Amino acid sequence: MLERIIAAAFAGGLIFAAANFANAQTVGPQGEAATPSSSVTLSDADIATLKGKGYKAALLWHTSSDFTNAVSAGAKDEFARGGINIVVTTDAQFDAARQRSDIETALAAKPNVILALPLDPVTSAEAFRQAVKDGTKLVFLSNLPKGYKHGTDYASIVTDDLFQMGKQAADAMAKAIGGKGKVGYIFHDATYYVTNQRDKAFKTTIEKDYPDIKIVAEQGISDPARAEELASAMLLQHPDLDGIYVTWAEPADGVLSALRNAGNPKTKIVTLDLAEPEALDMVKGGNVAALVADKAYELGRAMAAAGMKSLLGQETPPFVVAPALTVTKDNVAQGWKDSLNRNAPQSVLDAAK
Amino acid sequence: MSNANTNAAVAASFAKRINLQQYVVYFGFVAIFLFFAIVLKDSGFLTVRNLSNIVLQTAPVTIMAIGLVFVMSAGEIDLSIGSTVGVTALAAAVTINQYGLVAGVLAGLGAGLLIGLINGAMVAYVKLPSFLVTLATLGLLAGVSRSMTDLRSVPVIHETFVGLFGSGSFLGIPSLMWWTAIAVAAGHMIYRETRFGAHVLATGDNARAASVSGINVPRIRLTVLMISGTLAGLAGLLYAGRLQAAKYTLGETDLMTVIAAVIVGGTLLNGGKGSIIGALVGSLMMGMLNNGLILMGLSVSDQMIVRGLIILTAVAVSLREKNR
């Protein structure tokens, strides 16, 4: 999971005007309003037009992970509807030079559309230039090469709704503790765009929407391995915490372990991203109340749809946002499917029976 | 009948004389090329643009490989080259933006030279094993490059620099090819034709014997690591020119590729024997492998598995034959 956060940090290049907290929404790099991914779809006529054209696609990712697999799967299924083959898939291993080589190599296969996560705005600007010159339709995930213009240089940027992820975590927390009480806030103490946005959205939402909930303890964390120590210290000072928000699932392992060691079944945990240990605790009625995830499969689907619209010469939205998803005991099986497009781990499914 | 026997004997002795095993890398290169040329004939592999891309993409790796041939021939290793690239590229980018072309180039190459000097001094005079010294500097430099610009990428907007080290060309040939050609030619000359080259090999073959015969072994060790550092600096400049930006991650994934290129190219891991031309072909082979496996449409995991198996085979064949 840390891998994803690092990935996001790369994506972070901090170009987005950030979630606009006053308006409580995620906005694009040039302040574009967000288009929900669900509205990026193709009609049957569009699909019919695309079929038989023999278009080809390339997926140029920054790394290989659960997340990129789910995004790829979403893209593959959507492309398949339009009869588009994925001819190239690459993993730049976070290396900007390698990403440049991957792009050049992919272009030899003459793809009509490229879906990619540009590693960072500065290095990717030159790297994607040839693809733009070749007339390849570009759909970016999360990040935009510096100076690129919507319409002429790229079709769309698709990203997670980071604000919604943090907000839904706050809503889930409020629900779990009955709308009032004391909570601890364990945030990612590093300048990583994705975690920072989500953490901030959680805090803002609690402060703004839930006047009866007080954040009584705040603790930054940079090394997930230290989560247990930090949580134990927090519980020592505030034994009566009703809930703890944890910035992502890996440090939540440590928090969970601290609660178990303290024999505390009462304090609820809400964290982000799907992970087996937390989900298992949740379905067994333990401390974990909810997991908030992104819809990686939907991200991929929307990217492919935007790319195909662009191939058809249709208008494409500059900034597309895929929704967040709150997973609780009740929807854990479906949640896994919606987020990662695969079955929840068997242990979780068994325990949920 | 006897005629045929004589012919076979002549062929056998000829094969022995030219030591076919030495040419494993060339056979491997041709075999892989032909395989991709046939399998990928409709996927753009054989286009001029794709083939020239392979050469351009491998330029930094080739140049680092030349340095490593010297280091390994002397019986040492330099694990810090990948991290050196990030430091030198950032040093060059920051300096160019503030003080211009010449200062930037000197900063990049100078940083590489300095790193090589530190590595070399620790190995030659403090008498530490190069594996441990450069393993330590590998980590140290990765930290340095991260802190230099606080993880930020630095754009390089100097047109002349970008032309010289990146997207430019001279007499219709891209500058990255020029750098590769110059480095290979100079490296080959020094390695094969100079006394220094002979001393490097003698040191790697048997350091004590070399020392007894009057070779200044510590100085050879220092010099090869300085060559390696400086060439890593040049590789950093090429990356910065090619991407028109520098970033701390540049070069970090290159170490294994460089080592594989050098070993497949016929340089012994423990010294005494090597080939600059072999390293060039080894590097091109690695680039071609990456390129072809991507164009075959393999999934990322499959690309890694197949690449690993091919490298393993190539290394097994080249090393096995040489130790016989």
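1. Helix α11 of chain B (217-243) is largely enclosed by the rest of the structure, because 24 of its 27 residues are buried. A residue is called buried if 20 or more other C-beta atoms lie within 10 Å of its own, exposed if 12 or fewer do, and partly exposed in between, with C-beta atoms placed from the backbone. Helices (H or I, at least four residues) and strands (E, at least two) are DSSP runs numbered from the N terminus.

2. This is a predicted model: local features need pLDDT of at least 70, side-chain atom pairs count only at pLDDT 80 or more, and totals for chains, interfaces and linings use all residues. Residues are numbered from 1 along each chain as its sequence is written, while chains are lettered from A and ligands numbered from 1 in the order in which they are written.

3. The length of α11(B) agrees with expectation, because its 27 residues at 1.5 Å a residue should span 39 Å and its end C-alpha atoms are 39 Å apart. The expected span is 1.5 Å times one less than the number of residues. After α11(B) comes Q244(B), with a positive phi near 55 degrees.

4. The largest nonpolar core has 219 residues, and V255(A) and A240(B) have the most contacts inside it. Such a core is a set of buried Ala, Val, Leu, Ile, Met, Phe, Trp, Tyr and Cys residues joined through C-beta atoms within 7 Å. α11(B) provides the largest share of this core, 15 residues. Domain 1 (2-160 + 296-322) and domain 2 (162-295 + 327-352) of chain A both contribute residues, so the core lies between them. The domain bounds come from an automatic or database domain assignment. The centres of these two domains, taken over C-alpha atoms, are separated by 30 Å.

5. Leaving aside neighbours within four places in sequence, V255(A) is in contact with I186(A), A227(A), A231(A), I244(A), V246(A) and I269(A). Contact here means that the C-beta atoms of two residues, placed from the backbone, lie within 7 Å.

6. The contact between the chains takes 27 residues from chain B and 26 residues from chain A. On the side of chain B that touches chain A, α3 (48-73), α11 (217-243), α13 (276-295) and α14 (300-323) each supply at least two residues. Of these, α3(B) gives the most, with four residues. The residues of that side of chain B divide into nine nonpolar, 14 polar and four charged. In this count Ala, Val, Leu, Ile, Met, Phe, Trp, Tyr, Cys and Pro are nonpolar, Asp, Glu, Lys and Arg are charged, and the others, Gly among them, are polar.

7. In chain A, five of the five residues of strand β7 (residues 137-141) are buried. K137(A), V139(A) and L141(A) lie on one side of β7(A), with L138(A) and F140(A) on the other. Strand β6 (residues 113-116) runs parallel to β7(A), joined by four bridges, and A116(A) stands opposite F140(A). Strands count as paired if DSSP finds at least two bridges between them. β7(A) also pairs with β8(A) in the parallel sense over three bridges, where L141(A) stands opposite V158(A).

8. Strand β8 (residues 156-160) of chain A pairs in the parallel sense with β14(A) over four bridges. Strand β3 (residues 35-36) of chain A is parallel to β14(A), with two bridges. V321(A) in β14(A) is the bridge partner of T159(A) and of P36(A). From β14 (residues 319-322), F319(A) and V321(A) point one way and V320(A) and A322(A) the other way, and all are buried.
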